[in-house]
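Subject: A structure for you, with notes

Hello,

Here is the structure I promised to pass on. Have a look at it first, and then read my notes alongside.

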Amino acid sequence: MGFNQRDVSDLLVGECYFSKRPARIIRNRTKTGVPTNHLMWKQTNNFLKQLCKGKQPNEMVFRRPDGRELIPYTTDSKGKITGGRADYLGNKFKRLVKRVLGEDETRTLRDLRKTGANFCKQRFLGSEKMYLGHGDSSMSIHYTETNQKLLDTALCFMEKDLGFTEMLQPYYSKRMNQ
C-alpha cells in the first residue's frame with residue numbers, strides 16, 4: 001500500500017475489512033480524499049487483526065506507546081487544525097534502517113513508498129496511481145471505471161517478488177486459471 005505517514009496514522013479499525021476475500025483496506029486517502037482500495041498481504045492481515053482486536057470501528061489502528069496519535073495535530077481556539085506535525089513514524093523508520101543497514105544509510109519512508117510505486121509502474125503501467133492513492137486527472141475518469149484487478153495483481157506480485165510469500169494469494173491463482 002502506498003500509504004504515507006498521515007495515512008498510517010489516521011487508519012481506522014472500520015477501514016480494515018478482514019472478512020472480505022481477500023482482506024482489504026478501503027478508505028479515502030487523508031491528503032486528497034481519493035477513494036483507495038488495497039488488498040492486504042497475509043502478514044499485513046495477521047498483524048492488523050491483532051492490533052484491531054477489541055477496538056471499536058471508529059478507533060485508530062495505530063497509537064504511540066503512551067496512547068497519543070502517531071501524528072498529532074494542534075488546533076486553534078476555533079477548533080481549526082493548524083499543524084504541529086511530529087514525524088514519529090519517520091524517526092522510528094530511520095533508526096531501524098540505521099540499525100539494520102548501517103549509520104551511512106539514508107533511506108526514508110518516502111523511499112519505501114517510491115519503491116512500491118516504481119514496482120507497480122514497471123510491472124503494470126497505470127497501477128502506480130491507484131497504489132499511491134492519486135486521483136485520475138484525465139478526462140477518462142468520466143467514462144471509465146477503476147481497474148481494481150490491475151492493482152490487486154500488482155500487489156500480489158509485489159508480495160511474492162519481495163519474498164513475503166512463496167506463492168501468489170489463492171484468490172489470484174484461481175483468477176489466472178480462468
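Below are the notes on what turned up in it.

First, the ground rules: this is a predicted model, in which local features need pLDDT of at least 70 and side-chain atom pairs count only at pLDDT 80 or more, while totals for chains, interfaces and linings use all residues. Residues are numbered from 1 along each chain as its sequence is written, and side-chain values use heavy atoms, with hydrogens and water left out.

**Overall fold**

The protein chain has 7 helices and 5 strands; helices (H or I, at least four residues) and strands (E, at least two) are DSSP runs, numbered from the N terminus. Their order along the sequence is α-β-β-β-α-β-β-α-α-α-α-α. Of its 178 residues, 36% are buried, where buried means under 20% relative accessible area, exposed over 50%, and partly exposed in between (1.4 Å probe, protein chains only). Taking contacts (heavy atoms within 4.5 Å) between residues at least 6 apart in sequence, 47% join residues at least 24 apart.

**Pocket and cavity**

Rolling a probe the size of a water molecule over the atoms shows where empty space is left. On a 1 Å grid over the protein atoms alone, a cavity is a set of points where a 1.4 Å probe fits but cannot get out, and a pocket is an open set with protein on both sides within 12 Å along at least five of seven lines; lining residues have an atom within 4 Å of a point. Grid points are joined across faces, edges and corners, and a volume is the space filled by probe spheres set on the points.

The largest pocket holds about 1400 Å³ of space. Its lining comprises 37 residues, with Met1, Val8, Thr44, Leu109 and Leu112 nearest the centre. Helix H1 (5-10), helix H2 (42-52), helix H3 (88-101) and helix H4 (109-123) are the elements that give two or more residues to this lining. By class, the pocket lining has 25 nonpolar, 7 polar and 5 charged residues; Ala, Val, Leu, Ile, Met, Phe, Trp, Tyr, Cys and Pro count as nonpolar, Asp, Glu, Lys and Arg as charged, and the others, Gly among them, as polar.

In H2, the buried residues are Asn45, Leu48 and Cys52. They fall within an arc of 75° seen down the axis, so they line one face of the helix; the arc is that of the directions from the helix axis to the C-beta atoms. Lys42 and Gln50 are exposed on the other side of H2, and the buried residues pack against S1 and S2. Just after H2, Gly54 has a positive phi of about 85°.

Leu48 counts as buried because its relative accessibility is 3%. Not counting residues up to four places away in sequence, Leu48 touches Cys16, Phe18, Ile25, Met40, Val61 and Phe62. The C-alpha atoms of Leu48 and Cys16 are 8.0 Å apart, although 32 residues separate them along the chain.

H4 has 15 residues and reaches 21 Å from its first C-alpha to its last, close to the expected 21 Å, which is 1.5 Å times one less than the number of residues. Arg113, Gly116, Ala117, Phe119 and Cys120 are buried in H4. They cover an arc of only 155° around the axis, which puts them on the same side of H4. Arg110, Thr115 and Gln122 are exposed on the other side. The buried residues of H4 pack against helix H5 (127-132) and helix H6 (148-161).

In H6, the buried residues include Leu151, Ala154, Leu155 and Met158. Gly163, with a positive phi near 85°, follows H6.

**Two loop details**

A cis peptide bond, with omega about -5°, joins Arg21 and Pro22; Pro22 sits in the loop between strand S1 (16-17) and S2. Glu59, in the loop between H2 and strand S4 (74-75), is in contact with Leu11, Leu12 and Val13, leaving aside its neighbours within four places in sequence.

Best wishes
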